[in-house]
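This report describes a helix, its packing partner and a residue in a strand. The sequence and model are shown first.

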Amino acid sequence: MKKIDKKNIWLLLTQLGVWAIIVLAMPLATFLSTQDLHATKTSFFVVWGILHSPFVIYFINFYLFGPFLFFRRRFWWFALCNLLTILLMNSQFFMLWFHRDRIPHEITMTPNMWIGIFAGMLMFMLLNCFVGAIAIGIRHFMRIRQIKQQLKDEKAKNTEAELAWLKNQINPHFLFNTLNNISSLCQIDADAAQDAIAQLSDLLRYAMYETNKKTVPIEGEVEFMRNYIELMKLRCNEKTEVTTSFDVKQTMEIAPLLFISLVENAFKHGVSSNRPSKIDIRLLQNADELIFNCDNTNFPKDDADRSGSGIGLENTRRRLELMYAGRYTWEQSLEDNIYHVRITLNIIH
């Protein structure tokens with residue numbers, strides 16, 4: 001609230017400053033050219049006599065008629081109030097006509113003189129209308145900017161909320177798969193299962209405490225993926241070949257847990273217990289581009305196994321669209337029973 005009030009005060013002071021320059025320009029020029037205080041004072045009162053009406057019309061439209069009538073679509077009331085205000089502020093013209101019998105007899109008012117007076121009155125009233133229109137125009141421009149900023153802020157808040165929701169969807173998903181892996185391992189090798197639980201603890205610690213930022217250092221993500229891949233390999237047999245390659249700069253930052261769903265997908269759909277399987281995961285940097293490649297054999301799950309089906313990939317694509325809109329490409333294909341996905345990110349430092 002204090003910030004808004006301070007902004008309004010600066011706005012009012014700026015407007016008063018502009019009007020002060022307009023009103024004082026002629027008196028100042030008179031003083032600099034004549035060095036006559038009386039002439040300067042006379043010049044000021046002449047200018048103020050002309051501009052006091054537009055001055056009032058401007059501020060009453062900017063702070064009263066505009067916000068409470070014009071922008072609330074009460075156009076007839078807006079026009080009527082402006083007309084009455086302009087007539088009131090320029091009543092001296094009408095007083096001249098109503099009291100024309102008091103004009104000294106030495107002054108002969110010809111029809112042309114009266115026409116000139118009324119033409120001047122009309123032009124002056126048009127000037128008031130023009131100044132009022134300027135006030136409404138400036139207020140409208142500021143109002144549009146404020147609305148756009150509010151929409152931008154609201155969109156940013158919604159985007160942050162959606163990103164947080166998507167990331168929270170990822171955590172239970174990979175936890176579910178990893179616990180399944182350890183559960184299977186417990187029946188085979190209890191010591192290895194205990195080591196896997198310790199490794200899972202490291203993964204959870206990273207996911208819970210290191211990924212609360214919008215972006216995280218790439219080395220943390222690489223280490224997370226390596227540990228995760230090692231856990232996933234525990235339930236693979238000798239028929240599964242898993243290869244990895246990570247070649248990135250240590251100073252780069254990316255969105256946390258961005259590629260883990262693709263790694264999950266590769267192990268979920270790329271490994272068979274009785275047929276040769278292959279998974280190849282690569283992450284490399286090329287100048288300002290970060291390239292993630294994942295190739296795996298394709299063994300589609302039957303309808304009875306739909307755990308997490310499609311959730312991870314959908315979340316990944318949505319997060320890419322929210323955080324790297326216009327700065328990423330997504331390629332995927334299925335050839336010769338090899339599923340391929342490639343994501344290219346344009347990382348701006």
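Which residues of helix 7 are buried?

## Basis

This is a predicted model, in which local features need pLDDT of at least 70, side-chain atom pairs count only at pLDDT 80 or more, and totals for chains, interfaces and linings use all residues. Residues are numbered from 1 along each chain as its sequence is written, and side-chain values use heavy atoms, with hydrogens and water left out.

## Helix 7

Buried (under 20% relative accessible area, 1.4 Å probe, protein chains only) are Ile218, Gly220, Glu221, Val222, Phe224, Met225, Asn227, Tyr228, Ile229, Leu231 and Met232 of helix 7. Helices (H or I, at least four residues) and strands (E, at least two) are DSSP runs, numbered from the N terminus.

Helix 7 covers residues 218-233, and its 16 residues should span 22 Å at 1.5 Å a residue; the expected span is 1.5 Å times one less than the number of residues. The end C-alpha atoms are 22 Å apart, which agrees.

## Packing against helix 6

The axes (lines fitted to C-alpha atoms over the stretch in contact, with angles from 0 to 180 degrees between N-to-C directions) of helix 6 (residues 190-209) and helix 7 are 10 Å apart, at an angle of about 150°. The two helices are therefore roughly antiparallel (over 145 degrees).

Contact (heavy atoms within 4.5 Å) involves Ala196, Gln199, Leu200, Leu203 and Tyr206 of helix 6, and Gly220, Glu221, Phe224, Asn227, Tyr228, Glu230 and Leu231 of helix 7.

## Asn296

Asn296 belongs to strand 5 (residues 289-297) and counts as buried, at 2% relative accessibility. Leaving out residues up to four places away in sequence, Asn296 touches Ala266, His269, Gly270, Lys278, Ile279, Asn337, Ile338 and Tyr339.

Definitions and conventions:
Buried means under 20% relative accessible area, exposed over 50%, partly exposed in between (1.4 Å probe, protein chains only). Angles under 35 degrees count as roughly parallel, over 145 as roughly antiparallel, 65 to 115 as roughly perpendicular and the rest as oblique.
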